[in-house]
Amino acid sequence: MKKINVVEIFSSVEGEGTFIGYPVTFIRLEGCNLRCEWCDTAYSYSGKNFKEMKISDILMEIKNYPNFRVCLTGGEPFLSENVEILMEEILKKGYLLMVETNGTVFTEKIKNIYLQYKDKIHTVISPKPDVYYFINDYLLNFADEIKFIIDQKIKLDDILKYKKIYKKIPLIFQPQSNRKDMIDKALKFQRELLEKHSIEARVIPQVHKYMGIM
């Protein structure tokens with residue numbers, strides 16, 4: 001069976017976005033095409049902290065956990081060769097597949113998986129400042145939530161680029177590193193969006209960090 005580069009596989013509680021609090025099996029894949037200055041998983045793209053695993057072995061490992069949800073994360077998981085094969089094998093096992101992506105990568109092979117299994121994939125797109133918050137147009141059609149990291153650089157206009165979609169799916173503000181000043185900024189953005197644009201956003205810090213877990 002095909003192989004893929006894996007940084008780590010672990011079970012934890014989802015600490016971000018709309019599935020906060022649920023038990024999830026995380027598969028962190030190696031590599032990223034961006035270099036965000038506040039990234040808290042830089043080890044995922046250092047080129048030193050991964051092992052090449054057969055997809056069959058990955059499936060055996062996640063079977064050790066009783067969780068209903070499996071999350072592909074990174075880095076940027078869509079960069080990984082054979083990721084579409086891994087996605088399909090996970091879905092065939094009956095898991096709800098969660099994907100955390102920066103929104104810049106979307107291949108024809110990945111698109112075919114979405115067309116076949118759309119209702120069984122929950123996609124979190126977190127656009128980043130390095131690429132001016134670009135999201136692949138086709139991938140945007142499959143988004144289940146949009147999550148912006150609220151840092152010093154982000155402006156309200158960056159968020160409003162995608163204002164049409166916020167009527168359909170959740171808009172999440174995640175304050176950078178749970179910093180108090182970024183929480184205050186997120187709350188300010190939340191209020192302005194509601195008052196001036198009738199757009200509702202949720203402010204959600206990284207709950208797992210408050211809990212002291214991965």
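Okay, quick ground rules. It's a prediction, so local features need pLDDT of at least 70 and side-chain atom pairs count only at pLDDT 80 or more, while totals for chains, interfaces and linings use all residues. Residues are numbered from 1 along each chain as its sequence is written, and side-chain values use heavy atoms, with hydrogens and water left out.

Let's start with salt bridges, meaning a side-chain nitrogen of Lys or Arg within 4 Å of a carboxyl oxygen of Asp or Glu. The count here is 10.

Take glutamate 8 and arginine 28, which meet in one at 2.7 Å, N to O. Glutamate 8 sits in strand S1 (residues 3-13) and arginine 28 in strand S2 (residues 23-29), so this pair ties together parts 20 residues apart in sequence. Strands, by the way, are DSSP runs of E, at least two residues, and helices are runs of H or I, at least four, numbered from the N terminus.

Is glutamate 8 buried or exposed? It counts as buried, at 19% relative accessibility. Buried means under 20% relative accessible area, exposed over 50%, and partly exposed in between, using a 1.4 Å probe and protein chains only. Arginine 28 is buried too, at 8%.

Next, glutamate 16 bridges to lysine 147, with the closest N and O atoms 2.6 Å apart. Glutamate 16 is in the loop between S1 and S2, and lysine 147 is in strand S7 (residues 145-150), 131 residues apart.

Finally, lysine 111 pairs with glutamate 108 at 3.0 Å. They're 3 residues apart in helix H3 (residues 108-117), so about one helical turn separates them.
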